[in-house]
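This report goes through selected contacts and elements of one protein chain. Please keep the sequence and the structure open while reading.

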Amino acid sequence: MSEINKVTIVGGTHGNEFTGVYLVKKWQQQPAEVTRSSFTTSTLWANPKAHEQNKRYCDQDLNRQFTRAQLDDVNLVGYEQSRAKIIDSELGPKGDAKCDFVIDLHTTTSNMGPCLLLTQQGKIYRQLAAYVKMQMPEAVIFRDEDHLSAAQHHLLATVGTYGVIVEVGPVPQSVIRQDVLEQSAELTRHILDFIEHYNLGTLPTLPQQVEGYRYLESIKLPVDANGQRLGMVHNHVQDNDFKPLHPGEPLFMTFAGETITYQGADTVYPAFINEAAYYDNNLAMSLLEKVVIDVE
């Protein structure tokens with residue numbers, strides 16, 4: 001038996017991220033594109049109601065509902081909270097999953113290009129990162145909150161035994177761009193090919209090390225005592241995802257024309273810069289550190 005027997009590709013976790021929805025629809029009609037010999041591939045449209053309403057979510061962000069504690073809490077009965085429990089019953093249960101590998105498709109309004117977000121640590125993730133970089137050098141490896149246990153993770157992709165997120169941008173919400181859709185499909189294809197090689201023991205010789213980025217923290221837009229925004233992301237940072245931001249460099253520009261500089265002690269690498277979906281929490285960007293992943 002192959003170690004990875006069942007793969008699920010998820011689209012539309014956020015209803016106004018159209019790329020994943022349309023790729024899932026395509027692959028439901030043309031399953032040969034995601035079929036491999038050593039495992040079965042299924043597709044899941046995660047949040048059709050939010051998509052129908054052209055919203056990120058109806059009641060709660062679906063991609064924040066998948067800790068084991070949340071899934072077990074019978075008092076959480078909002079639409080996305082209930083939907084998460086249904087998805088957990090279909091792919092999970094989390095911690096003893098029927099699905100061996102989840103690929104969750106997302107897009108961003110930020111200028112991040114094609115990104116592979118690793119939700120956990122482990123050799124298979126390191127090998128996957130190396131394989132993807134070999135096949136798609138422009139892809140960025142993003143280690144997301146890998147200090148958390150699987151049970152503590154709130155992301156849908158962590159329902160499976162293994163799981164990753166495909167994150168591609170920039171693309172506006174509720175818009176389909178050919179380049180973003182094609183990059184999302186290509187990155188997904190490389191992940192599926194990796195799993196096939198992994199199962200069959202035919203992985204090519206992988207590099208010993210791979211460059212990536214690790215999440216540190218998120219920072220907010222400047223606000224006043226009443227929570228009203230005082231400024232915006234500075235042009236020095238805008239669209240420069242994964243580029244270095246040094247202490248003392250411009251970070252925000254207030255509406256009054258004042259430059260606010262980055263006051264951290266170390267150079268960081270912003271991502272999800274000015275992501276539209278995060279404005280409800282006044283989040284301006286995530287800050288990352290550059291890391292080297294030792295594949296073996």
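A polar contact is a pair of N or O atoms within 3.5 Å; within protein, one atom must be able to donate a hydrogen and the other to accept it. The model discussed here is predicted.

## Arg36 and its surroundings

A polar contact of 2.8 Å joins the side chain of Arg36 to that of Asp193. The side chain of Arg36 also reaches the backbone oxygen of Glu33, at 3.2 Å. Arg36 lies in the loop between α1 (18-29) and β2 (40-45).

Because its relative accessibility is 15%, Arg36 counts as buried, the limit being under 20%. Apart from neighbours within four places in sequence, Arg36 is in contact with Arg189, Leu192, Asp193 and Glu196.

Helix α1 has twelve residues, which should span 16 Å at 1.5 Å a residue. The end C-alpha atoms of α1 are 17 Å apart, in agreement with that value. The buried residues of α1 are Phe18, Thr19, Gly20, Val21, Leu23, Val24 and Trp27. These buried residues pack against β1 (6-11), β2, α2 (48-52), β3 and α6.

Helix α5 covers residues 123-135, 13 residues in number. From the first C-alpha to the last, α5 reaches 18 Å, close to the 18 Å expected at 1.5 Å a residue. Buried in α5 are Ile124, Tyr125, Gln127, Leu128, Ala129, Ala130, Tyr131 and Val132. The packing partners of the buried residues of α5 are the strands β3 (101-107), β4 (113-118), β5 (140-143), β6 (162-169) and β7 (209-220), together with α6 (178-200).

## Aromatic pairs and charges over rings

The structure holds ten aromatic pairs. In one of them, Tyr213 and Phe242, the ring centres are 5.1 Å apart and the planes meet at 45°, so the pair is tilted. This pair links distant parts of the chain: Tyr213 belongs to strand β7, while Phe242 is in the loop between β8 (231-233) and β9 (250-254), 29 residues apart. Tyr213 and Phe242 are both buried. Tyr213 and Phe242 also belong to one aromatic cluster, formed with Phe142, Tyr269, Phe272 and Tyr278.

Two lysines are placed over tyrosine rings. The charged end of Lys25 sits over the ring of Tyr22, 4.9 Å from the ring centre. The charged end of Lys49 sits over the ring of Tyr79, with 4.8 Å to the ring centre.

## Salt bridges

Side chains of opposite charge can pair when their charged atoms come close. A search of the whole structure finds ten salt bridges. One of them joins the side chains of Arg56 and Asp61 at 3.3 Å, N to O. Arg56 is buried, because its relative accessible area is 10%, and Asp61 is buried as well, at 12%. Arg56 and Asp61 are linked with Glu17 in a network of salt bridges.

Arg68 and Asp88 meet through their side chains in another salt bridge, at 3.2 Å, N to O. The pair links distant parts of the chain, with Arg68 in helix α3 (residues 68-72) and Asp88 in helix α4 (residues 79-91), 20 residues apart. Asp88 counts as buried, since its relative accessibility is 6%. A further salt bridge is formed by the side chains of Glu211 and Lys290, at 3.9 Å, N to O. This pair, too, links distant parts of the chain: Glu211 is in strand β7 and Lys290 in strand β12 (residues 283-294), 79 residues apart. Glu211 has a relative accessibility of 43% and therefore counts as partly exposed. Lys290, at 39% relative accessibility, also counts as partly exposed.

## Tyr215 in strand β7

Tyr215 is placed in strand β7. With a relative accessible area of 18%, Tyr215 is buried. The side chains of Tyr215 and Ser218 are joined by a polar contact of 3.0 Å. Between Tyr215 and Ile103, the separation is 112 residues in sequence and 20 Å in space, C-alpha to C-alpha.

Conventions: Residues numbered from 1 in each chain as written. Predicted model: local features only at pLDDT ≥ 70, side-chain atom pairs only at ≥ 80, totals over all residues. Heavy atoms only, no water. Helix = DSSP H or I, 4+ residues; strand = E, 2+ residues; numbered from the N terminus. Buried < 20%, exposed > 50% of the residue type's maximum accessible area, 1.4 Å probe, protein only. Contact = heavy atoms within 4.5 Å. Expected span 1.5 Å × (residues − 1). Phe/Tyr/Trp six-rings, centres within 6.5 Å; stacked < 30°, edge-to-face > 60°. Lys NZ or Arg CZ within 6 Å of the ring centre and 35° of its normal. Salt bridge = Lys/Arg side-chain N within 4 Å of Asp/Glu carboxyl O.
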